[in-house]
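Thanks, everyone. I will walk through one structure and keep to what can be read from the coordinates. Please have the viewer open.

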Amino acid sequence: MAKVALVTDSTSYIPKELLKNVDLHIVPTIVIWAGEEMRDGVDIQPGEFYKRLASASEMPTTSQPTPNDFKTVYEKIVTGGQKDILSMHVSAKLSGTIASAQQAASMVTDANVEIVDGKSASMGTGWPLLQAAKAAGAGKSLKEVAEAARKARDHSGVLLLVDTLEFLHRGGRIGGAQRFLGTALNLKPILEVVDGAIEPVERVRTKSKAIARIVEVLEERVAGRNPVRVATIHANALDEAKQLKALVDERLKPTESVITDVSPSVGTHTGPATLGLAYMAGID
């Protein structure tokens, strides 16, 4: 057993094939829909969520896990024999999840809990967590595991191609992309998570041109750094995600390349048909 236990929230949505031999504790965020509270990834899965979203008259909202949700997980880890815990989560600028984790950490006296702001979401947090898992598996200390996570975080990023800004605007997560509101419907916004907030990159005419352009932007961000790991993320847009992944694989030849869903709690704010590229570059 590793000295350091790893905890995250369900927004990271790391593909199962990357979690083999990784002991990761996941605290679900909450999707609230028509008065019903559902745990993301437990009570509702992406396929079901986006199918329902397509015809819903009432839109869902989200809530971060409670401090007690985190406290329960931390205490379970301590009972299992580990006292050092790295808890890395979705950006504090996008969710109150970090605040809940911090409150919980102050209530668990038998554990050393290091809270790390992932300053991102989805696999923008997932890739750094996997680096932290490597460090933990190598027997590193909590301080060293946290340093590995932060270093990987600072070499990671997320680019998003949304079908509409409506969902980000309604959920209050639109950030600097606010200035793209009210533009022509056929202009597709490319966005980026910068220091934990959503910022605009540019608008591109037509979805197909935007898919090509987001790969070019990724090349610019990676800037020749190797190795490159890329997760193509999608909100019920698998065919387009496969097309996007193929372009990424051809142009960047990443060391690792996967496709994963946008979790329901993230999809609540980005909307259906969202595509994205979450990458980590220059980290062995």
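Start with the contact between helices α7 and α8. On the α7 side the residues are Lys207, Ile211, Ala212, Ile214, Val215, Glu216, Leu218, Glu219 and Val222, and they meet Glu240, Gln243, Leu244, Leu247, Val248, Arg251 and Leu252 of α8. The helix α7 covers residues 207-222 and α8 covers residues 238-252; their axes come within 10 Å and cross at roughly 40°. The crossing of α7 and α8 is right-handed.

The average pLDDT for the protein is 91, and 92% of the residues score at least 70. One stretch, residues 171-182, has pLDDT below 50, yet in the model that stretch has 33 contacts beyond near neighbours in sequence. Where pLDDT is low, the predicted coordinates should not be read in detail. I would apply that caution to the contacts of residues 171-182.

Staying with α7, look at what follows. Arginine 225 sits in the loop between α7 and β11. Is arginine 225 buried, exposed or partly exposed? Its relative accessible area is 29%, so arginine 225 falls in the partly exposed class, given that buried means under 20% and exposed over 50%. Outside four places in sequence, arginine 225 contacts His155, Tyr279, Ala281 and Gly282. For one of these, glycine 282, the C-alpha to C-alpha separation from arginine 225 is 4.9 Å, although the two are 57 residues apart along the chain.

Next, the six-stranded sheet. The 6 strands are ordered β10-β9-β8-β13-β11-β12, in an open sheet with mixed pairing. Why does one side of β10 and of β12 lack a neighbour in the sheet? Strands β10 (197-205) and β12 (256-261) are at the edges and each has a single partner strand, so one side of each is left without a neighbour. From one strand to the next, the twist averages 20°.

Inside this sheet, consider β8.

How many residues of β8 are buried? The count is 6 of 6. Ser156, Val158 and Leu160 point one way, Gly157, Leu159 and Leu161 point the other way, and all are buried.

Now the nonpolar cores. The largest has 46 residues, and those with the most contacts inside it are Leu86, Met123, Trp127 and Val145. Helix α4, residues 123-137, supplies the largest share of this core, 8 residues. A separate core has 22 residues, including Leu159, Val228, Val230 and Leu244. In soluble globular proteins, nonpolar side chains tend to be buried together.

Beyond four places in sequence, leucine 86 touches Val4, Ala5, Leu6, Val7, Glu114, Val116, Ala132, Leu142, Val145, Ala146 and Ala149.

Serine 12 is in the loop between β1 (4-9) and β2 (24-27). The relative accessibility of serine 12 is 3%, so it counts as buried. Leaving out positions up to four places away, serine 12 touches Ser122, Met123, Gly126 and Leu129.

Last, the three-stranded sheet. It is open, antiparallel, and ordered β4-β3-β5. The edge strands, β4 (36-39) and β5 (61-63), each pair on one side only. The twist averages 30° from one strand to the next. Strand β3, residues 30-33, pairs with β5 over 3 bridges in the antiparallel sense, with isoleucine 32 opposite threonine 61. Helix α1, residues 46-54, lies across β3 and β4 and runs at about 30° to β3.

That is the tour. I will take questions now.

Technical notes
Residues are numbered from 1 along each chain as its sequence is written. This is a predicted model: local features need pLDDT of at least 70, side-chain atom pairs count only at pLDDT 80 or more; totals for chains, interfaces and linings use all residues. Side-chain values use heavy atoms; hydrogens and water are left out. A nonpolar core is a set of buried Ala, Val, Leu, Ile, Met, Phe, Trp, Tyr and Cys residues joined through side-chain atoms within 4.5 Å. Buried means under 20% relative accessible area, exposed over 50%, partly exposed in between (1.4 Å probe, protein chains only). Helices (H or I, at least four residues) and strands (E, at least two) are DSSP runs, numbered from the N terminus. Contact means heavy atoms within 4.5 Å. Two strands pair if DSSP finds at least two bridges between them. Axes are lines fitted to C-alpha atoms, for helices over the stretch in contact, and angles run from 0 to 180 degrees between N-to-C directions. pLDDT is the predictor's confidence in each residue, from 0 to 100. A crossing is left-handed if the near helix is turned anticlockwise from the far one by less than a right angle, and right-handed if clockwise.
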